[in-house]
Amino acid sequence: MGTLVQWFGIVRLALCAGLLATGMLHAQPANETPTLGPETNLPLPRFVSLKASESNVRRGPSLSHRIDWVFKRRNMPLQVVAEYGHWRRVIDRDGQGGWVHYTMLSGARTVLIDGETTALRSRPEPDALENAMLEPGVIARLGQCNPDWCRLTAGGYRGWAPKSVLWGVAESEIRD
C-alpha cells in the first residue's frame, strides 16, 4: 500500500511540475486564502524583491530552459506565483515574468509607485504634511501598513503613501 501511495505522489508531483513549467498551473486569485508553496511552505502568491541588479528570466524552471529576458532593476518588487525546486515563477507589475533562481530574490519588501506622482506624507492622512513627492516608477522600501496606507522609505525620505498607488503590497495586507 505504501509503495502505491508513493507512486501516486510521484505522478502527482510530475504532473504539477509539468503544468507549472508550461504556465498552465497558477496561484489562486488574491481574494482567496493563499496556498502554501511546496518548497518553502510560504504563501502563494507573495511579494519579494529582486536581490541582484541583473537576473535571467527563464521560460521554465531549470538552466536548460531558454532565457526570455533579463530583469535589470535591483530591489524591483516581484510576485512569486509558483515554486519548483530552487526556482520561483515570478511576475512583475505588468504581469510579465518567468522562472528565476531563488538566490536572485530577497524577502526584503519593496513597492513600486504606480500611476501618478504621489506625496509621501508625515502621517497616514490625506491632508498631512508632504515630506517628498515620489514619481511613478520609484522603488521604495516597504514598512508598516494599515488598511489604507503604507509607510515607505525612498531616497532618504520617510513617510506614508496610500496603498492604492503602490504595487508590491496586497490590498488587504496589514504590516506592523
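Tutor: Start with P45, which sits in the loop between β2 (43–44) and β3. One caveat: this is a predicted model, where local features need pLDDT of at least 70 and side-chain atom pairs count only at pLDDT 80 or more, while totals for chains, interfaces and linings use all residues. Also, residues are numbered from 1 along each chain as its sequence is written, and side-chain values use heavy atoms, with hydrogens and water left out.

Student: Are N41 and N75 buried, partly exposed or exposed, and how do you know?

Tutor: Relative accessible area decides: under 20% is buried, over 50% is exposed, and partly exposed is in between (1.4 Å probe, protein chains only). N41 comes out at 54%, so N41 counts as exposed. N75 has 25%, so N75 is partly exposed. As for location, N41 lies in the loop between β1 (35–36) and β2, and N75 in the loop between β5 (67–71) and β6.

**Links between side chains**

Student: What makes C145 and C150 a disulfide?

Tutor: Their sulfur atoms are 2.1 Å apart. With 115° about the S-S bond, the link of C145 and C150 is right-handed.

Student: How accessible are those two cysteines?

Tutor: C145 has a relative accessible area of 3%, so C145 is buried. C150 has 0%, so C150 is buried too.

Student: Why is the contact of E83 and R46 called a salt bridge?

Tutor: The closest N and O atoms of E83 and R46 are 2.9 Å apart. The label needs a side-chain nitrogen of Lys or Arg within 4 Å of a carboxyl oxygen of Asp or Glu, so the pair qualifies. E83 is in strand β6 (residues 77–84) and R46 in strand β3 (residues 46–50), 37 residues apart. E83 and R46 are buried.

Student: How many salt bridges does the whole structure have?

Tutor: Nine. Among them is R109 with E173, at 2.8 Å from N to O. R109 and E173 are 64 residues apart in the chain, and both are buried. Another joins E130 and R121, at 3.6 Å. E130 has 43% relative accessibility, so E130 is partly exposed, while R121, at 15%, is buried.

**Rings and core**

Student: What makes F47 and W167 an edge-to-face pair?

Tutor: A pair of aromatic rings is described by the distance of the centres and the angle of the planes. Rings of Phe, Tyr and Trp (its six-membered ring) pair if their centres lie within 6.5 Å; planes under 30 degrees apart are stacked, over 60 edge-to-face and the rest tilted. The centres of F47 and W167 are 5.2 Å apart and their planes are at 90°, so edge-to-face is the label. The whole structure has one aromatic pair. F47 is in strand β3 and W167 in strand β16, 120 residues apart.

Student: How do you know that β10 pairs with β13?

Tutor: DSSP has to find at least two bridges between two strands. β10 and strand β13 (residues 139–145) have three, in the antiparallel sense. One partner of V111 in β13 is A140. β10 is also joined to β16 by two bridges, again antiparallel, with L112 opposite W167.

Student: And what is meant by a nonpolar core?

Tutor: A set of buried Ala, Val, Leu, Ile, Met, Phe, Trp, Tyr and Cys residues joined through side-chain atoms within 4.5 Å. The largest one has 15 residues, and V111, L142, C150, L152, L166 and V169 have the most contacts inside it. Elements giving two or more residues to this core are β10, β12 (130–134), β13 and β14 (149–154).

Note on methods
A disulfide is a pair of cysteine sulfur atoms within 2.5 Å. Helices (H or I, at least four residues) and strands (E, at least two) are DSSP runs, numbered from the N terminus.
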